[in-house]
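Here is a short report on selected features of one protein chain. Please look over the sequence and the structure before reading on.

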Amino acid sequence: ALLAGASACAARPAAPLGTPAPGGPGADAPATQAGVIVTANQESADASLIVLPGGQAHRVAVGAGPHEAAVAPDGRWAVVTVYGTRAETGARLALLDLPARALVRHVALGAYTRPHGVVPLPGPGRRVAVTSEASRRLLVVDLDRDRVVAAIPTEAAGSHMVAVTRDGARAYTANVGAGSVSEIDLAAGRLVRQIPVAPVTEGIAVSPDGREVWVGSNQARTVSVVDARAGRVVATIAGVGVPYRLAFAPDGRTVAAADPDGDAVHLIDAAARRVTGTVAGLGSPRGVSFGPDGALYATLGTEHAVAVLDVRTRTVRARYPTGTTPDGVAFAPAAR
């Protein structure tokens, strides 16, 4: 990921924020699902909690260099990884109470530094899988007990982002330095295999049915489709710019690729394995995440904002201001 203080793209004039976008419904349109957008803001060391509908914004300090965000399915809590900066090595997770719009506490990771990609795990309690890039480990962290309960070697350099199957059985880390994916058996707590992919693998997403793992190569400027059972690349998709982050729509039909180099989000037909549309004119999109209703949320690094995108019409519904240089993003439906 881009460390705080660095940018992939030159700054561009920001579009109007917190207002309906031309050509799309406004922020309070009936189609907007109630909930909270969570962004990890690298350079302001905080998280933005934006409440929909309405767009009320809350900023919560979390620590230096937050990079990624994840939310619980019930919408009650979120986690932000405190990765650190070039001058300060991070080794904490920030646990947030979403209804209270507040920091609950920090969870210390000890020797497992540079936490980055994070995904909540199914089952009782609050547990997450999180990469420790510096230690080449995938961690399982019990947030209720404030402890790391597993530290599984990925055996690869730069284990950065992570994707987890819906049943929580398998995890896949994108290894930037190794150009590979590490497949992890979470129940057994062990590395299954390394899958060679392409140089500088970073963005990663697993299909809702768990059959495919999609991986972006920042260097080759392609997205590789990995057959999860066979453990090999079965298709390569071009025309995605720098596919910095990937996300599957809930129905599995569409994959979104954030392209900060091209100021765009590309929409890929998962079955046809080709780009079918692009939302352009965005200020360095970095994180992408779908909500349960199919709305797409994208952080805009140079606009210091998050956009709500309509995949069907390929338009921007609204933009909301965030902290400085937002990176990871997640959407939590209204708490149950």
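## Strand pairing

Two strands count as paired if DSSP finds at least two bridges between them. The model discussed here is predicted.

Strand S22 (residues 264–269) pairs with S23 in the antiparallel sense, over five bridges. Within this region, Asp269 stands opposite Arg274 in S23.

## The four-stranded sheet

S22 and S23 belong to an open sheet of four strands, in the order S20-S21-S22-S23. The pairing is antiparallel. Strand S20 (245–248) and strand S23 (274–279) form the edges, and each pairs on one side only. From one strand to the next, the twist averages 25°.

## Nonpolar cores

The largest nonpolar core holds 18 residues. Val38, Leu49, Val71, Val80, Leu96 and Leu98 touch the most other members. At least two residues of this core come from each of several strands, including S1 (35–41), S2 (46–52) and S28 (326–333). S4 (66–71), S5 (77–84) and S6 (89–97) each do likewise.

What does Val80 contact, leaving aside neighbours within four places in sequence? Its partners include Ala40, Ala47, Val62, Leu93 and Leu96. Glu68 and Arg92 are also among them.

## Around Ala157

Ala157 sits in the loop between strand S11 (147–153) and strand S12 (159–164). Its relative accessibility is 25%, so Ala157 counts as partly exposed.

Not counting residues up to four places away in sequence, Ala157 touches Arg136, Asn175, Val176, Gly177 and Ala178. Thr113 is 44 residues from Ala157 in sequence, and their C-alpha atoms are 14 Å apart.

How values were computed
Residues are numbered from 1 along each chain as its sequence is written. This is a predicted model: local features need pLDDT of at least 70, side-chain atom pairs count only at pLDDT 80 or more; totals for chains, interfaces and linings use all residues. Side-chain values use heavy atoms; hydrogens and water are left out. Buried means under 20% relative accessible area, exposed over 50%, partly exposed in between (1.4 Å probe, protein chains only). Contact means heavy atoms within 4.5 Å. A nonpolar core is a set of buried Ala, Val, Leu, Ile, Met, Phe, Trp, Tyr and Cys residues joined through side-chain atoms within 4.5 Å. Axes are lines fitted to C-alpha atoms, for helices over the stretch in contact, and angles run from 0 to 180 degrees between N-to-C directions.
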